[in-house]
Amino acid sequence: MSSLERLGAWVEERVGLSAILELGRHKKIPSHRHTLWYYLGGMTLFLFLVQVGSGILLLLYYRPSSDQAFESVQFIMTRVPFGWLVRSIHSWSANLLVFVLFLHMFSVYFLKAYRKPRELTWVSGMLLLFLMMGFGFSGYLLPWNTLAFFATQVGTQVAGAVPVVGHFMLRFLRGGEQVTGGTLTRFYGFHVAVLPALATGVLGLHLYLVQRHGMSTPPGVDSKKEMPFLPNFLLRDLIGWCLALGCLAALAAFFPWELGQKADPFAPAPAGIRPEWYFCWMFQTLKLIPGHVLGFEGEILGILGISAAGLLWVMVPFLDPTGGAGGGRSRFFTLVGWIAVVFIAVMTAAAYMPAGR
Amino acid sequence: MRDSLFHCLARTTLAAVAAVIIALAGPPASAAEPPSTPRGPGPLETSCVTCHQQLDGAALEPTKHTGDDIHFLKGLSCHDCHGGNPAAGADGDPDAAHDVKKGWTGKPSRLQIPEFCAKCHADATFMKRFNPQARTDEYSEYRTSVHGKRNAGGDTRPAVCVDCHGVHGIRAVGDTRSSVHPSNLADTCAKCHANPETMRPYGIRTDQFALYKTSVHARALYENGDTSAPTCNDCHGSHGAVPPGVDHVSNVCGSCHSREATMFREIEKKKHLDLEPCIQCLVCHGNHAVKQPTDDMIGVGPASTCTGCHGEGDAGYKAAARMAEDLGRLSGRLGEAAAILEKAERAGVEVGPDKFALQKAHDDLVEAKVLVHSFDIDKFVGVSTEGIKVAEEGISAGNRAFDELSYRRLGLSLSLLVILAVIAALAMKIRRLER
């Protein structure tokens with residue numbers, strides 16, 4: 001027995017790796033015309049891991065205070081070897097992660113993968129989406145540049161308009177009445193401690209539920225073809241991850257993430273302030289609602305409407321438990337899904353039009 | 001009829017005598033006392049307005065301004081300036097209203113107007129009721145002005161208060177509709193100073209307004225809306241308007257351009273008196289038609305102002321040539337550095353610190369242009385050389401940014417090749433597994 005084999009046997013005796021590998025070999029993935037969508041979950045996980053890795057590297061140099069944050073990011077981008085690459089990959093990967101997460105969510109929605117018994121898989125996935133958006137919102141402020149500063153001011157103002165708890169939320173998010181260095185420190189805490197802890201827990205639950213229930217075969221698909229998770233599906237997953245890595249590298253090299261100008265709280269807000277693209281559809285919706293609707297304040301009505309729509313979206317597995325597999329309401333939910341896709345796309349595009357700014 | 005004629009004659013004589021007495025009494029202490037407080041009733045309720053509204057022409061005119069005149073708006077009324085007894089006039093008796101015993105002065109002559117206005121405007125106690133920071137030196141300043149001196153000498157043509165501020169319908173200086181608001185002041189001065197008929201007796205040129213309109217000062221005021229930009233009174237004074245003497249021009253310009261003025265004074269300390277005719281601002285920049293200074297003004301080229309005093313071969317000529325050369329080089333290198341860093345930034349390289357460092361070269365360029373006024377070539381070269389060095393460092397930083405960009409793209413190409421190779425290997429592995 002070679003020394004390598006002896007080491008393997010030593011690890012096997014203590015960890016039981018073969019049992020895990022055996023589980024992977026026995027786990028089967030349905031193979032049909034919609035299988036492609038299954039790779040989105042793995043790609044999201046890959047991008048999340050990229051975020052964790054690049055985020056840890058950024059932590060080595062980042063300083064979370066209003067007088068040092070911008071300079072430290074500038075230092076990372078100009079003086080730290082490959083710092084520009086790490087920061088650009090972190091920023092691009094964050095955006096790709098949210099984009100892939102939306103694709104994953106809509107693919108699960110349209111393939112009705114939320115139906116019984118995967119309700120909690122859907123709910124935990126939605127929680128992960130909210131957490132990732134929270135990562136995006138808190139991380140956007142950390143370079144402490146002008147755009148981030150004013151976008152955070154607008155974003156937290158929206159939270160402040162929520163009835164009853166709005167003012168508390170605004171103060172909780174900002175750490176006071178205004179966006180200050182205190183807000184930056186607070187957002188840093190959310191970004192590197194609170195959200196990662198929550199995300200790890202919810203991600204663990206989500207992966208456990210995916211493992212427990214396996215991949216859902218969409219209603220109407222009769223194919224009984226399957227492939228083993230290990231190695232066939234995992235190898236395909238790896239191809240997707242490599243493609244994502246290539247895209248990230250190209251984006252980072254050709255379109256390095258801009259740093260902009262350092263935030264000046266006393267300067268007037270520049271024109272065209274808007275939040276990150278994945279919040280734009282909500283921002284644009286609020287902008288288009290008239291000041292007063294039927295005696296109610298338009299902004300509050302909009303926030304309540306978006307919150308109610310989000311809640312209903314999370315509750316979809318309970319509203320459409322069969323997903324059309326047993327007949328019933330699923331066509332209606334498919335239509336609602338397409339309306340949501342079109343609405344988000346149109347509103348996001350409108351926010352980027354010159355007149356929408 | 002004879003009674004009526006006599007009565008009219010007597011009234012006119014009395015009024016004229018009263019006016020002469022008031023005028024001879026001397027301003028402002030012996031003029032009629034200003035009202036102790038803004039008096040009621042308000043202007044619209046007095047018999048002055050109600051009667052004059054029934055009249056025509058000049059007698060009607062004052063009643064049209066009860067809504068926009070600063071005096072009316074502050075609660076003052078006709079009789080606060082003109083005296084008289086409007087209460088008695090309420091019975092319809094104009095003679096009782098125009099009672100000389102009650103201080104009625106009628107319309108003051110142009111020689112009387114400065115004192116007429118000064119009875120309130122030179123009274124600090126009275127003026128502070130309306131504005132704690134109100135000036136009360138306008139009258140004394142006026143008397144030092146060419147306008148005021150000629151007026152005191154009996155010349156009725158030079159400007160008095162009402163020529164600039166208006167008679168009735170006077171607005172606050174800060175009101176953009178006021179004839180003395182910075183945006184209107186030059187037009188107000190030009191009413192007389194651009195009028196050949198008015199200026200001919202005094203032998204004063206009338207092209208100042210037209211020249212001023214072409215100046216960088218007028219552009220700042222009229223095109224950029226910068227009301228701090230100089231107009232007539234900023235150089236000549238307002239109430240104490242005088243043409244600045246040649247000796248004082250640098251002080252006048254220096255009230256805004258303080259660094260250049262300081263440098264002039266340094267030269268004076270060195271007793272370079274032989275250069276004095278050359279070192280006044282207007283020799284190079286002109287007076288009313290001050291243009292935006294250009295680099296071409298320095299040096300020995302055709303647009304140079306230096307060659308007006310310096311001839312080929314003298315030290316000043318050489319210094320001017322060196323200044324022009326350095327300024328051109330600094331401007332050129334600075335522009336080059338800014339362009340390459342801008343291009344690198346657009347390509348995605350973070351050059352914020354390099355752009356910040358380049359500010360020093362920009363500051364040096366501004367400083368060098370100011371130092372031209374010191375006529376000290378050593379000081380000038382010290383700053384310009386430093387600026388050129390910083391600008392060249394900026395160009396190097398821009399070049400390094402492009403080298404970095406090439407390096408990144410090479411790295412990306414190699415990484416993509418590796419990634420493609422891994423993808424191909426994975427695809428082959430899957431194919432072999434599923435064969």
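Start by selecting helix H6 (residues 119-141) and helix H9 (residues 181-213), both in chain A. H6(A) passes H9(A) in a left-handed crossing, a term used when the near helix is turned anticlockwise from the far one by less than a right angle, right-handed being the clockwise case. Helices here are DSSP runs of H or I with at least four residues, strands are runs of E with at least two, and both are numbered from the N terminus.

A word on what you are viewing: this is a predicted model, where local features need pLDDT of at least 70 and side-chain atom pairs count only at pLDDT 80 or more, while totals for chains, interfaces and linings use all residues. Residues are numbered from 1 along each chain as its sequence is written, and chains are lettered from A and ligands numbered from 1 in the order in which they are written.

Keep H6(A) and H9(A) on screen. Their axes come within 9 Å and cross at roughly 160 degrees; axes are lines fitted to C-alpha atoms, for helices over the stretch in contact, with angles running from 0 to 180 degrees between N-to-C directions. That angle makes H6(A) roughly antiparallel to H9(A), the word for angles over 145 degrees. Their contact has 17 nonpolar, 10 polar and no charged residues. Ala, Val, Leu, Ile, Met, Phe, Trp, Tyr, Cys and Pro count as nonpolar, Asp, Glu, Lys and Arg as charged, and the others, Gly among them, as polar.

To see where they meet, pick residues including Leu97(A) and Leu101(A) in H5(A), and Leu129(A) and Phe135(A) in H6(A). Residues are in contact if their C-beta atoms, placed from the backbone, lie within 7 Å. This contact divides into 11 nonpolar, 3 polar and no charged residues.

Now show the whole of chain A, with its 14 helices and 4 strands. Among its contacts between residues at least 6 apart in sequence, 78% join residues at least 24 apart.

Finally, bring in chain B. The contact takes 18 residues from chain B and 19 residues from chain A. On the chain B side, select helix H22 (352-371) and helix H23 (377-434), the elements that give two or more residues. H23(B) gives the most, with 14 residues.

Technical notes. Two residues are in contact if their C-beta atoms, placed from the backbone, lie within 7 Å. Angles under 35 degrees count as roughly parallel, over 145 as roughly antiparallel, 65 to 115 as roughly perpendicular and the rest as oblique.
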